[in-house]
Amino acid sequence: MEYLSKERYDEILSELNRLMNVEYPKVKEDLDECRAQGDLSENYGYRQARRTQARMISRINFLQKVLKYARVIDTRSLPKDRVTLLSRVSFTNLATGSQMSYQIVSPHEMDLQSGKISLKSPIGHALMDHQVGDVVEADAPAGVLRLRIDSIENPA
């Protein structure tokens, strides 16, 4: 089971609807046109259309599975004094003194450019369920990071 924010759930649903109702019919039409051109064994357009169709079906199946097992997070039930899913956490790397701020999200929402890290990442996992002032250790690929939690902002 994956927990998603309402926004991400809606984005996935929108993408799935677009793929099924707009993109897939175009791919199917292209495939039918290529099939009508005759000899399929030497028809590059037909092979390309089949590959595109296979990728589209794979993406549709993936999104359907994500939505099937997804649960939208009720932000009202999350604790306000601890790091939870959807928390924005500011912390300091004690070895370097550098400060960072990330939102903890599900793996399907992770986007480093937007400041969102997965709760399954080493840092996200280490921060979960801790409070302001706690020092946690994250087993990152670069080694063990000691992080002090400076602030926590939880959604309303």
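The expected span of a helix is 1.5 Å times one less than its number of residues. Keep that rule at hand, because helices and strands here are DSSP runs (H or I of at least four residues for helices, E of at least two for strands), numbered from the N terminus. Now select helix 2, residues 44-69. At 1.5 Å a residue, its 26 residues should span 38 Å, and the end C-alpha atoms are 38 Å apart, which agrees.

Before going on, two notes on what you are viewing. This is a predicted model, in which local features need pLDDT of at least 70 and side-chain atom pairs count only at pLDDT 80 or more, while totals for chains, interfaces and linings use all residues. Residues are numbered from 1 along each chain as its sequence is written, and side-chain values use heavy atoms, with hydrogens and water left out.

**Stop 1: the whole chain**

Turn the model around: along its principal axes the C-alpha trace spans about 70 × 35 × 20 Å.

Buried means under 20% relative accessible area, exposed over 50%, and partly exposed in between (1.4 Å probe, protein chains only). Buried residues make up 36% of the 156 residues.

**Stop 2: helix 1**

Select residues 6-35, which form helix 1. Its 30 residues should span 44 Å at 1.5 Å a residue, and the end C-alpha atoms are 42 Å apart, which agrees. Follow the helix to Leu19, where a kink of about 40° is centred. The bend at a residue is the angle between axes fitted to the seven residues ending there and the seven starting there.

Now show side chains. The buried residues of helix 1 include Leu16, Leu19, Tyr24, Val27 and Leu31. What covers the buried residues of helix 1? Strand 1 (2-4) and helix 2 are included in that cover.

**Stop 3: back to helix 2**

Return to helix 2 and pick out its buried residues, among them Tyr46, Ala49, Met56, Ile60 and Leu63. Their cover includes strand 1, helix 1 and strand 2.

Click on Gln53, which is found in helix 2. Is Gln53 buried or exposed? At 10% relative accessibility, Gln53 counts as buried. Contact means heavy atoms within 4.5 Å.

**Stop 4: Ser5 and Leu86**

Select Ser5, in the loop between strand 1 and helix 1. Ser5 is buried, with a relative accessible area of 6%. Beyond its neighbours within four places in sequence, Ser5 is in contact with Val72, Ile73, Leu86 and Glu109.

Leu86 sits in the loop between strand 2 (70-72) and strand 3, and is buried, with a relative accessible area of 8%. Check its backbone too: Leu86 has a positive phi of about 80° although it is not a glycine.

**Stop 5: the strands around strand 7**

Select strand 7, residues 143-153. Two strands pair if DSSP finds at least two bridges between them. Strand 3 (residues 88-93) pairs with strand 7 in the antiparallel sense over six bridges; look for Thr92 opposite Arg148. Strand 6 (residues 135-140) also pairs with strand 7 in the antiparallel sense, over six bridges, and here Ala138 stands opposite Leu145. A hairpin of two residues joins strand 6 to strand 7.

**Stop 6**

Finish at Gly124, found in helix 3 (residues 122-127). At 0% relative accessibility, Gly124 counts as buried. Not counting residues up to four places away in sequence, Gly124 touches Ile104, Ile117, Ser118 and Leu119.

Finally, click on Asp129 in the loop between helix 3 and strand 6. Asp129 has a positive phi of about 70° although it is not a glycine.
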